[in-house]
Amino acid sequence: MQLTLWTYEGPPHIGAMRVATAMTGLHYVLHAPQGDTYADLLFTMIERRDARPPVTYTTFRAQDLGRDTAELFKTSVAAAYARFQPQAMIVGASCTAELIQDDPGGLAKALDLPIPVIPLELPAYQKKENWGASETFYRLVRVLAEAPAPRPAREPGRRPLCNILGPTALGFRHRDDLIEIRRLLDSLGIDVNVVAPLGASPADLGRLKDADFNVVLYPETARSAAEYLKKAFGQPFTQIVPLGVGATRRFVAEVATLAGLDPAPRLDGPDSRLPWYSRSVDSTYLTGKRVFVFGDATHAIGIARMAASELGFTVVGLGTYGREFAREVRAEAALHGIEALITDDYLDVEAAIRAAAPELVLGTQMERHVAKRLGIPCAVISAPIHVQDFPARYAPQMGFEGANVLFDTLVHPLMMGLEEHLLGMFREDPEFHDGVGPSHLGGNPRAASAAEAPEGVAAADPAPATAPILLDEDVVITAAPWAPDAEKELKKIPFFVRGKARSNTEKFARERRLPLITLETLYDAKAHYGR
Amino acid sequence: MNAPVPPPTACGGIDFHQEHGQRAVFCGLTGIVWLHRKIQDAFFLVVGSRTCAHLIQSAAGVMIFAEPRFATAIIDERDLAGIADANEELDRVVTRLIERRPDIKLLFLVGSCPSEVIKLDLSRAAQRLSGRLAPVRVLNYSGSGIETTFTQGEDACLAALVPGLPREPAEAAPSLLIVGALADVVEDQFLRIFSALGIADVRFLPARRAGAMPAIGRNTRYLLAQPFLADTARALDERGARRLAAAFPLGAEGTTGWLQAAAEAFGVDDTTFAAATAAGRARAETALAPHREKLGGKRVFFFPDSQLEVPLARFLARELGANLVEVGTPYLHRAHLAAEIEMLPAGTRVTEGQSLDDQMDRCRAARPDLTVCGLGLANPLEAEGLSTKWSIELLFTPVQGYEQAGDLAELFARPLRRRALLEV
């Protein structure tokens with residue numbers, strides 16, 4: 001048993017729902033108890049979909065358990081087929097139905113419907129949402145892409161043809177990434193055969209094999225299917241995820257190679273404003289900003305790399321909740337000279353953020369709240385997300401426009417360079433000293449920043465009176481006391497690096513067994529650690 | 001599913017139907033979201049699957065980030081395969097939780113579908129842990145979807161509290177118990193009115209703190225503040241308390257009827273009653289008047305959700321002049337709702353249970369002016385051009401009593417006003 005308050009991923013059948021809801025002409029019959037229909041509202045509320053997800057639930061209850069839940073399942077499948085007339089169906093069990101051991105696949109087969117009915121095995125007590133989406137898409141592709149057959153040679157003069165794989169319902173910016181990548185491919189002279197699962201019908205999946213190659217936008221959902229298509233139809237697929245300018249350029253080169261085209265015309269053309277913005281002197285202050293990155297593996301890897309090489313940040317933390325891609329994240333973290341954090345426990349993430357003392361956190365909805373609690377600027381770069389991250393405006397993450405969006409997203413939470421400079425210069429002025437709140441909020445004194453709290457002591461939470469559940473021991477280490485003048489000097493350090501300065505100094509003092517932290521100790525430590 | 005609907009049976013002048021099929025409702029676990037706010041030193045530990053954790057996270061919205069007093073012990077494959085002794089695992093998780101949260105005085109082990117299906121005996125676990133963790137009390141109830149629908153989770157929770165309530169001596173003076181979680185502000189308003197009625201000893205179940213749960217005995221009279229408390233009422237009856245039959249305190253009329261039931265039981269004379277309620281009634285009337293214009297003659301359709309549907313429909317029909325197309329409810333407790341059913345317009349179609357697609361077909365065919373439904377249906381129906389009022393808000397917002405009558409009407413009027421406002 002695992003004590004859980006907040007989960008990064010839902011159970012695997014939610015992943016299957018994300019695939020089913022993304023598609024058209026497909027219906028999902030889920031053997032599930034009453035109550036599991038809560039999942040509908042993720043799609044109708046968070047993504048603001050205008051139709052119910054194409055899912056029928058058996059919603060069995062206790063009184064059904066004594067009778068025949070298998071019969072209930074069969075009548076549900078038959079009724080859903082009669083009502084919705086889908087081209088294909090998927091059937092499966094949620095966590096509770098997995099325990100009662102009806103066999104959705106066998107039961108559906110017995111009905112002998114005139115359409116493909118694809119059974120899903122989604123082990124709810126081992127796997128999670130992203131795995132469920134990936135497995136569902138893979139199963140659909142296996143059944144619906146037609147039997148292996150040699151592909152006819154491309155007719156001369158025909159533009160190269162690719163599939164785009166990976167976008168789903170409830171995907172972080174999938175809608176706009178797709179628009180951006182379609183545009184990019186078109187400008188290269190490549191046509192899109194099928195986009196799947198988003199917007200595809202079962203019949204469309206039958207046409208997947210007509211393409212020359214596959215573009216995999218989200219490996220979490222589409223890599224298994226792409227690997228199958230490679231094996232069955234010899235379609236190569238892209239390995240580079242176009243997050244950031246550099247990755248997008250490499251993506252263009254990779255796609256052009258797969259399509260047998262010359263990428264030079266596209267790469268010589270206009271791309272993103274990011275390179276110039278990042279070179280402009282206003283961005284100088286971004287140099288070496290300490291950034292902590294956490295999310296799904298694809299976004300964490302892509303955005304950490306971009307943050308380091310395109311914005312000049314220092315990546316001080318990198319991690320993912322998706323164990324399926326732990327290896328890739330570990331490899332990327334090694335490039336940044338750090339160890340990857342692979343966990344689905346947000347308290348571990350919170351502890352890691354606190355230990356790394358970053359100046360910017362890039363993460364999910366949860367990291368946004370952790371960062372808020374710790375008083376650190378933050379931007380959201382990955383699912384899980386709340387309704388505000390399904391924006392009305394065009395907001396891709398991928399491609400050249402995506403790089404523009406990311407530049408703004410990553411820089412806006414930070415103080416502008418000039419602002420930071422002024423705050424440092426006029427720190428002691430009555431309007432600017434640390435205790436003063438923003439003038440537009442009436443300049444009321446603000447609560448002590450969490451960054452000031454000594455290492456190992458939980459920051460005071462402003463709202464609830466209850467203590468957080470801490471799963472790991474917070475070690476409170478007795479440090480040498482601070483001399484008053486050293487304490488006073490510490491306050492002169494800008495508040496956003498003060499926490500780090502304090503913990504470094506205390507560590508320095510501990511290691512040297514100093515009885516008191518003096519002004520000298522503070523500056524000795526500063527010289528020792530540098531920045 | 002899609003079985004033929006049994007022929008309508010007469011029931012107190014309503015057109016009553018029962019329906020079976022797919023149900024789009026929450027399970028009882030959802031009750032935790034408001035119950036943990038009410039009992040301020042209680043913790044709710046769901047013993048379930050990742051689905052349960054995900055459900056509560058989705059239902060609790062941003063509340064999840066405020067370090068709330070609920071969590072899920074997720075059963076994993078080791079527990080199922082018997083590799084780990086589920087009871088030992090539970091003890092380990094609970095012990096650690098209590099160590100970390102010394103402010104917790106009452107712990108609820110909340111059963112879920114998976115824990116019920118594998119027959120994990122949470123009542124024995126609760127007894128065992130109560131002994132080990134004293135003075136922390138550990139209780140259990142089931143909020144599983146196979147047994148409970150949405151607000152029935154509160155019923156199961158309160159029913160679990162009843163056997164442990166202190167016993168009042170047989171000769172104790174009559175006391176009044178209000179049963180059902182109400183917003184603190186509403187409780188305080190009712191206390192003031194009861195005090196004006198001369199009923200001094202008024203208690204609430206649940207109390208705001210675990211150590212302050214009300215005593216009961218043979219002289220306890222109780223009023224249900226919520227229509228979904230069947231098991232709690234039965235447990236109270238077993239301990240000798242007696243229910244005062246009444247309408248529910250929604251709208252001015254419902255509130256008056258509800259207070260009247262207490263007044264009669266405690267021998268309050270008419271003059272005192274009129275004096276104590278006159279100001280509230282007048283204010284409710286003032287607050288309701290502008291909404292009557294907006295909602296009068298509007299056709300309203302209720303999907304089943306919380307069991308509040310019948311009292312709400314009664315309020316909309318009688319105090320605001322709305323017409324009722326269909327009133328869906330997950331369960332209809334005939335005895336507790338007798339006063340409500342009597343007040344519904346004759347021939348109102350009331351449907352107990354649900355066959356979702358059939359009900360949506362009826363709703364589309366009727367094209368009501370306002371549809372009261374859950375969040376999984378609201379946007380899809382809006383996209384079809386139907387105005388909706390999402391029903392969960394009726395649980396989270398203070399709606400009972402005179403002072404909230406206007407707010408309650410406003411909740412229904414707002415979607416219509418908005419639709420009229422928008423030009424795009």
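This is a predicted model: local features need pLDDT of at least 70, side-chain atom pairs count only at pLDDT 80 or more; totals for chains, interfaces and linings use all residues.
Chain A puts 66 residues into the contact, and chain B puts in 68 residues. Between them the two chains bury about 5,800 Å², with 60% of that on carbon and sulfur atoms. On the chain A side, the residues that lose the most area to chain B are Met1(A), Gln34(A) and Tyr125(A), which together make up 16% of what that side buries.

Polar links show up here too. Across the interface of chain A and chain B there are 21 residue pairs in polar contact, both residues being at pLDDT 80 or more. Several elements of chain A each supply at least two residues to the side that touches chain B, among them β1 (2–4), α1 (12–22), α2 (40–46) and α17 (365–374). It is α4(A) that gives the most, with six residues. Sorted by class, this side of chain A has 32 nonpolar, 18 polar and 16 charged residues.

The strands get involved as well. β1(A) pairs with strand β4 (residues 70–74) of chain B in the antiparallel sense, over three bridges. Within that pairing, Gln2(A) has Ile74(B) as its bridge partner.

As for charges, side chains of opposite charge can pair when their charged atoms come close. Four salt bridges turn up across the interface of chain A and chain B. Arg83(A) and Asp357(B) form a salt bridge, with their closest N and O atoms 3.9 Å apart. Both residues also belong to a network of salt bridges, whose members include Asp40(A), Arg52(A), Asp361(B) and Glu384(B).

Over all chains, the count of salt bridges comes to 53. In chain B, the side chains of Arg283(B) and Glu403(B) meet at 2.6 Å, N to O. Arg283(B) sits in helix α11 (residues 270–295) and Glu403(B) in the loop between α16 (393–396) and α17 (405–421) of chain B, so this pair ties together parts that are 120 residues apart in sequence. Arg283(B) is partly exposed at 45% relative accessibility, and Glu403(B) is partly exposed at 32%.

Asp103(B) and Arg101(B) form another salt bridge, with closest N and O atoms 3.4 Å apart. Here Arg101(B) is buried, at 0% relative accessible area, whereas Asp103(B) is partly exposed at 28%. Over in chain A, Glu511(A) forms a salt bridge with Arg512(A), the closest N and O atoms lying 3.6 Å apart. Glu511(A) counts as partly exposed at 48%, and Arg512(A) is partly exposed at 38%.

Note on methods:
Residues are numbered from 1 along each chain as its sequence is written. Chains are lettered from A and ligands numbered from 1 in the order in which they are written. Side-chain values use heavy atoms; hydrogens and water are left out. Contact means heavy atoms within 4.5 Å. Buried area is the accessible area (1.4 Å probe) that two parts lose on being put together, summed over both. A polar contact is a pair of N or O atoms within 3.5 Å; within protein, one must be able to donate a hydrogen and the other to accept it, and residues adjacent in sequence count only if both atoms are side-chain atoms. Helices (H or I, at least four residues) and strands (E, at least two) are DSSP runs, numbered from the N terminus. Ala, Val, Leu, Ile, Met, Phe, Trp, Tyr, Cys and Pro count as nonpolar, Asp, Glu, Lys and Arg as charged, and the others, Gly among them, as polar. Two strands pair if DSSP finds at least two bridges between them. Buried means under 20% relative accessible area, exposed over 50%, partly exposed in between (1.4 Å probe, protein chains only).
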